[in-house]
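Student: I've never looked at this one before. Could you walk me through how to read it?

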Amino acid sequence: MSIIYDAAHRIFKLDAGESSYLLQVGAHNYLFHLYYGAHISDTDISYLTFHCPHAAFSPKQDAADTFNPDVIAFECPGNGCSDFRGSAITVQNADGNTATDFRYVSHRIYAGKPAIRGLPATYAAEDEADTLEILCRDAATGVETLLFYTAFRGISAITRHARVINSAERGVVLRRAMSTAVDFHTANGMDLICLYGEHNNECRFARSPLTHARTEVFSKRGASSHMHNPFLALCSANATEEEGEVWGFNLVYSGNFSASANLDTVGGARVLMGINPEDFAWRLDAGESFDTPEAVMVYSDRGLGEMSRTYHRLYRHHLCRGKWKTAKRPILINSWEAAYFNFDDDKLVAFAREAAALGVEMLVMDDGWFGKRNNDKCALGDWVVNEEKLKGGLDSLVRRVNALGMKFGIWFEPEMISPDSDLYRAHPDWALQVPNRGKSIGRHQYVLDMTRADVRDYLFDAMKKVLDSTKIDYIKWDFNRNLTEAGSALLAADRQGEVFHRFVLGLYELLERLLSAYPDLLLESCSGGGGRFDAGMLYYSPQVWASDNTDAMARLDIQYGTSLCYPASTMGAHVSAVPNHATRRTTPFDTRAAVAMAGTFGYELDPCKLSEEEKAAVREQCQNYHRYYPIVHEGELYRLIPPVSGDRNRAAWCHVSADKRQVLATYVVRRFDGQDRHHFRLAGLDPTLRYREEKSGRVLSGDTLMRAGYAVEERLFDGQSRTFLFVAEE
Ligand code: GLA
């Protein structure tokens, strides 16, 4: 059992991997947070709660209290009752006020981890994790909150979520529902890390000192968004890739979120993460309950690198599921950059024929195969094959592709509707909208009201018709704009504050329904690239297209940031043609492949236009993909020279197989700057093993490679790279 309850001191101790998390039922049955960090041995550390008992301007429940509710570390901070920091849960009660004050009532500890109704979440068997449930009650209203904590036994990860239950007799409105709230006793000198970005420039790494001004990463776009990933970390100021303390927070959610932190007046900090309270108001009638999404907290005392590897392990083994959790992903070729909307069946078969001969395993037909879709101005919603383009129909095309030994994948953008579509002409009320306002248009399209069961039924049936008409192995599930005027025609006025969350619940329901009906389908989620790259989507689609920017130099930054939380096996990365369609930059073919090899790997180009030399390179790259698969997809990532470090002209990383016997290292020069010395230290190797570098035949010990390092004994210019495979000697 990784969770114990010390009844004498009323303290809970959760040990997850190499981390500990302690909380206490304290005075007045408040839940106090005691500690979160590296593993500790003791349980009774309640002395930590003594805190500024006489502070002015800090009202208390009882004048004799030896703690100050204004700065004490709380586990489930309420609202309007002496804690003036951000609340975890705020309920507007039937009297109309928002005072909320949850106190401990009872608890339960058990092996395993419960699922969350209607929401994606990590999962664990009974021998892999333990769960603590704490029931709290707000005495004035009778509203209850059940706090869930799961500690993974072998992984330094703790998950949290909350269920708010209206056990009162009158209805209430949930105004704020955070998934986690963690109060750090000492946060002076810490840094805050987040991932920001935009279309074609996702997951940019930003690190700054944590200050007294609250920093918030958030989305109110209806998707987790390109702009901020639902991730935030605090770290010691000296933390690097492999050293220092890091606390990571990641939300398993694909909609509006908020994650914030700031230093308080006594040097502590509160981290809050959950559904964005803005545009959120959930009516909770008597007897109803509401589940927040899950927050995943990871602690590392070996830097950002170990935080990432912990997330990677957790998400590979306890979030991704179904056949494709372990099945080898096919090397795919996608038609988008090769043809955009301009293709027919013969062109696709020609792509497939060329690509199959080179070792590619699946053809993905991207946007443009349905309705009158010859550009992005129409037809979303009309999921009927365009037989003028695909002469003989879809099944005939798929058979021709399959006959070449290739699997077949198809693109959908289910949540959207074009104003110029038969669907919109029949159901204009199916688009999200609010009364007396126009509908903003994005990429010439509106967003469907996914809160509606009839909309979801239509989508399921339309997709089912396509899927049942032939053999489809893969779906690229796209989402190319964000939500505006987010109102639903079917919801009452006092429920319109539920639309954003209900939209996400509707999306999850449809995904679940589709996967239950077609369990062998491989889903790749996409939102103009990485606009919805989050742990929520990974529960349904084990890979996500990381960015529409396929330029290898830009990808160094994008994939670095994405790798902070998400493993290589989830990161859609393809080799595309040059000059790159997003940046106009030309980079060497082998560098494009080396960078894509750090993700799911595939192609996004016209194979008929490849030179003989390039074809030979593709053949070799495909063979390498199979050789490297256990290292990259099942191994561990070490970022040796992060492209965000002082030297932005270089990057290096390596993947180490689970048994540490194989290492694939890549070194890239982004821009030639006259500095001709190319040196990097490996990491994660077994220091006692001797490794043979494949090309040179040189044999070196793990300790030499990690301490003295390795060197590229060549001059390298703009965009050039070298990849090295090290294999342990018997
Ligand atoms: C989005 C995706 C692209 C492509 C297009 C098709 O932008 O990110 O990969 O599928 O849509 O319209």
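Student: Let's start with two strands, β36 and β39: in which sense do they pair, and over how many bridges?

Tutor: Keep in mind that this is a predicted model. To count as a pair, two strands need at least two bridges between them. Here β36, residues 690–693, and β39, residues 721–728, pair in the antiparallel sense, with 3 bridges. For a spot to look at, find arginine 692: the residue opposite is valine 727 in β39.

Student: Which sheet do those strands sit in, and in what order do its strands come?

Tutor: Read a sheet by going from neighbour to neighbour. This one is open, has 6 strands with antiparallel pairing, and goes β32-β33-β34-β39-β36-β37. At its edges are β32 (636–641) and β37 (699–701), each of which pairs on one side only. On average, neighbouring strands here are turned by 25° against each other, ignoring direction.

Student: Which strands does helix α11 lie across?

Tutor: Look for residues 589–596, which make up α11. That helix lies across β33 (650–656), β34 (662–669) and β39, and runs at about 50° to β39.

Student: Okay, now the sheet that starts with β1. What is the strand order there?

Tutor: The order is β1-β2-β3-β4, an open sheet of 4 strands with antiparallel pairing. Its edge strands, β1 (3–6) and β4 (31–38), each pair on one side only. Neighbouring strands in this sheet are turned by 15° against each other on average, again with direction ignored. Zoom in on β1 and you'll find 4 bridges to β2 (residues 11–16), the two strands running antiparallel. In that pair, aspartate 6 stands opposite isoleucine 11 of β2.

Student: And the ligand? Which residues come nearest?

Tutor: For a ligand, check its neighbours, then the atom pairs. There are 13 residues around this ligand, and those that come nearest are Asp366, Asp367, Arg443, Lys476 and Asp548. By type, the shell divides into 6 charged, 4 nonpolar and 3 polar residues.

Student: Which atoms lie 3.1 Å from a ligand oxygen, side-chain or backbone?

Tutor: There's one of each kind to look up. Asparagine 480 has a polar side-chain atom 3.1 Å from an oxygen atom of the ligand, while for glycine 529 a backbone N or O atom lies 3.1 Å from a ligand oxygen. Then there's aspartate 548, with a polar side-chain atom 2.5 Å from an oxygen atom of the ligand.

Student: How much of the ligand's accessible area does the protein cover?

Tutor: On its own, the ligand has 300 Å² of accessible area, and the protein covers 96% of that.

Notes
Residues numbered from 1 in each chain as written. Predicted model: local features only at pLDDT ≥ 70, side-chain atom pairs only at ≥ 80, totals over all residues. Heavy atoms only, no water. Near = heavy atom within 4 Å. Polar contact = N/O pair within 3.5 Å; in protein donor to acceptor, adjacent residues only side chain to side chain. Areas by Shrake-Rupley, 256 points an atom, 1.4 Å probe, with all protein chains shown as cover. Nonpolar A, V, L, I, M, F, W, Y, C, P; charged D, E, K, R; others polar. Axes fitted to C-alpha atoms, helices over the stretch in contact; angles between N-to-C directions. Contact = heavy atoms within 4.5 Å.
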